[in-house]
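Notes below, in the order I looked things up.

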Amino acid sequence: MPHLTWTDESRLSAGMTLREDGDMRLRADDGVQDDVLRKRCAFLETQFSNATIAAPLPVHGAAVATVTGNEPFHEKHALFSQTDALVTVVPGIALTVTAADCLPVYFFDPVRGTIGLAHAGWRGLVAPPHGVLAATVEALVVLGSKPMDIRVEVGPSIGPCHYVVDAARRKLFAARFGNDVVCREALDLRRAAVRALVDLGLDAKQISAEPPCTVCQSDRFFSHRVDGREPPGVGMAWIVLHRPG
């Protein structure tokens with residue numbers, strides 16, 4: 001199981017499940033499956049104790065929910081429909097997103113003690129009004145964070161080595177994020193994410209965007225491009241602030 005470089009930060013835990021941990025998909029259209037909720041709980045219990053879990057049901061948009069801990073919980077989960085990112089300042093609540101090539105983007109402000117987690121595919125990066133990453137940073141600012149204090153890490157996701165797209169999408173991203181996000185017939189979504197964050201006032205030195213490629217390492221991670229199934233199997237990214245003491 002890959003951990004992030006933040007594992008040197010004792011206040012939090014963050015990482016992403018592997019293919020061998022099983023499909024972590026929550027499907028709102030069929031009703032949420034209790035067996036999947038229990039599987040997610042069982043995995044997270046191996047990482048930390050006594051956490052409740054917040055889980056968005058993503059739609060490749062830019063909606064962000066602030067988790068307060070007062071939400072209704074079922075099988076230790078609070079579910080947020082039509083949502084692609086979560087933020088909180090409450091210890092003991094694990095924020096989660098699922099992905100299988102899309103970017104899981106982790107946020108941590110060590111000054112204010114806020115965390116966030118976003119699901120950012122290509123649609124989310126350009127979703128109106130300003131993309132899911134901008135919406136996540138704005139939600140963290142509401143909680144008291146300053147952009148220059150926020151650290152960001154991009155988790156396992158498809159790299160430019162395998163993300164070949166059509167000319168229209170390449171043109172859209174070049175206009176939005178600059179020509180250097182286009183690599184011949186492919187897009188570099190990680191570089192687009194960094195550009196979006198720096199434009200929001202984050203320090204480039206506080207952003208890490210060199211994760212494993214989910215296609216190159218499809219034996220370890222779920223990859224929609226490799227598996228080609230609908231709906232795709234997905235991994236679960238998480239981040240949690242530990243409770244004091």
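Predicted model: local features only at pLDDT ≥ 70, side-chain atom pairs only at ≥ 80, totals over all residues.

**Holes, pockets, cores**

Searching the whole structure, I get one cavity of 30 Å³ or more.

I listed the lining of the largest cavity next: Cys41, Leu44, Glu45, Phe48, Ala51, Ile53 and Lys76. Helix H1 (residues 34–45) gives the most, three residues. By type I count five nonpolar, no polar and two charged.

Then I went to the open space. The largest pocket has a volume of about 800 Å³. I find 35 residues lining the largest pocket, with Arg25, His60, Cys102, His119 and Pro232 nearest its centre. That lining splits into 18 nonpolar, eight polar and nine charged residues. Strand S2 (52–57), strand S6 (93–99), helix H2 (122–126) and helix H6 (224–227) each put in at least two; S6 has the largest share, with four.

Last, the packing. The largest nonpolar core holds 38 residues, and Val105, Phe107, Leu125, Leu133, Phe173 and Leu189 have the most contacts inside it. Among the elements giving two or more residues to this core are strand S7 (103–109), strand S8 (114–120), H2 and helix H3 (132–142). I also noted a second, separate core of 21 residues, including Leu86, Ile93, Val97 and Leu241.

I checked Val105 on its own. Leaving out residues up to four places away in sequence, Val105 touches Gly116, Leu117, Ala118, Ala120, Leu133, Val152, Glu153 and Val154.

Notes:
Residues numbered from 1 in each chain as written. Heavy atoms only, no water. 1 Å grid on protein atoms, 1.4 Å probe; cavity = no way out; pocket = protein on both sides within 12 Å on 5 of 7 lines; lining within 4 Å. Points joined across faces, edges and corners; volume = space filled by probe spheres on them. Nonpolar A, V, L, I, M, F, W, Y, C, P; charged D, E, K, R; others polar. Core = buried A, V, L, I, M, F, W, Y, C linked by side-chain atoms within 4.5 Å. Buried < 20%, exposed > 50% of the residue type's maximum accessible area, 1.4 Å probe, protein only. Contact = heavy atoms within 4.5 Å.
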